[in-house]
Amino acid sequence: MIRLFDFVFAFLGLVFGLPALLTIYIFGLFDTGSPLFCQERVGKNKQPFTLVKFRTMQVNTVSVASHLASSSSITPLGRFLRKTKLDELPQLWNVLKGDMSLVGPRPNLFNQEELIAARDTLGVYDVLPGITGLAQVNQIDMSTPVLLAETDGQMIKTLTVRNYFKYIFMTVTGSGQGDRVR
């Protein structure tokens with residue numbers, strides 16, 4: 001049932017969001033010259049997949065978790081995209097493809113060993129990663145790996161259709177601020 005919701009909402013989001021996606025893409029060309037950001041992330045069953053987002057940092061920024069990146073690497077457009085969460089829109093493609101769900105644990109990098117170990121013990125990799133979830137709406141990010149893993153585990157155990165829509169609604173209405181940057 002959740003996969004059906006994911007597919008329908010991702011498809012509709014991409015179709016109806018196309019003008020916004022194109023506008024952000026064009027502004028991104030002027031901002032960094034490379035508006036899309038693709039990065040290998042840990043997916044379901046710890047399988048790699050390529051996550052797609054709008055670029056919010058300079059092209060030459062080191063590939064680390066957001067909380068380890070310098071805030072000076074965020075572009076002016078990137079600040080706006082992060083604040084409004086519009087940088088996440090291209091991930092609807094990942095949802096449509098089946099790499100992600102709209103709701104699930106945020107996919108981490110393979111070099112985040114402490115988070116991977118904590119998530120492993122709680123079965124977090126048994127589900128698709130998501131664009132939003134319980135941790136995101138409660139402003140818990142990857143800078144606190146154990147707390148994030150515990151929150152993800154709690155979300156997985158209590159995820160219902162009602163909670164699925166609740167987390168989406170909370171995200172769209174502004175709960176959570178995204179990952180911290182130093």
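Student: Why is Ser-73 called buried?

Tutor: Buried means under 20% relative accessible area, exposed over 50% and partly exposed in between, with a 1.4 Å probe and protein chains only; Ser-73 has a relative accessible area of 11%, so the residue counts as buried. Bear in mind that this is a predicted model, in which local features need pLDDT of at least 70 and side-chain atom pairs count only at pLDDT 80 or more, whereas totals for chains, interfaces and linings use all residues. Residues are numbered from 1 along each chain as its sequence is written, and side-chain values use heavy atoms, with hydrogens and water left out.

Student: Where is the place of Ser-73, and which residues does Ser-73 touch?

Tutor: Ser-73 is in the loop between strand E2 (48-54) and helix H3 (76-84), helices (H or I, at least four residues) and strands (E, at least two) being DSSP runs numbered from the N terminus. Not counting residues up to four places away in sequence, Ser-73 touches Thr-56, Met-57, Gln-58 and Thr-61, where contact means heavy atoms within 4.5 Å.

Student: What puts the buried residues of helix H5 on the same side?

Tutor: Those of H5 (residues 113-121) are Leu-115, Ile-116, Ala-118 and Arg-119. They cover an arc of only 165° around the axis, and therefore lie on the same side of H5; the arc is that of the directions from the helix axis to the C-beta atoms. The face turned away from this buried side carries the exposed residues Glu-113, Glu-114 and Thr-121, while strand E1 (36-42) and helix H7 (145-158) are included in what covers the buried residues.

Student: What makes a set of residues a nonpolar core?

Tutor: The residues must be buried Ala, Val, Leu, Ile, Met, Phe, Trp, Tyr or Cys, joined through side-chain atoms within 4.5 Å. The largest such core has 22 residues, and Leu-92, Val-95 and Tyr-167 are among those with the most contacts inside it. Apart from it lies another core, of 7 residues, including Leu-115 and Ala-118.

Student: How many cavities of 30 Å³ or more are found, and what makes them cavities?

Tutor: On a 1 Å grid over the protein atoms alone, a cavity is a set of points where a 1.4 Å probe fits but cannot get out, and lining residues have an atom within 4 Å of a point. The whole structure has 2 cavities of 30 Å³ or more.

Methods:
1 Å grid on protein atoms, 1.4 Å probe; cavity = no way out; pocket = protein on both sides within 12 Å on 5 of 7 lines; lining within 4 Å. Points joined across faces, edges and corners; volume = space filled by probe spheres on them.
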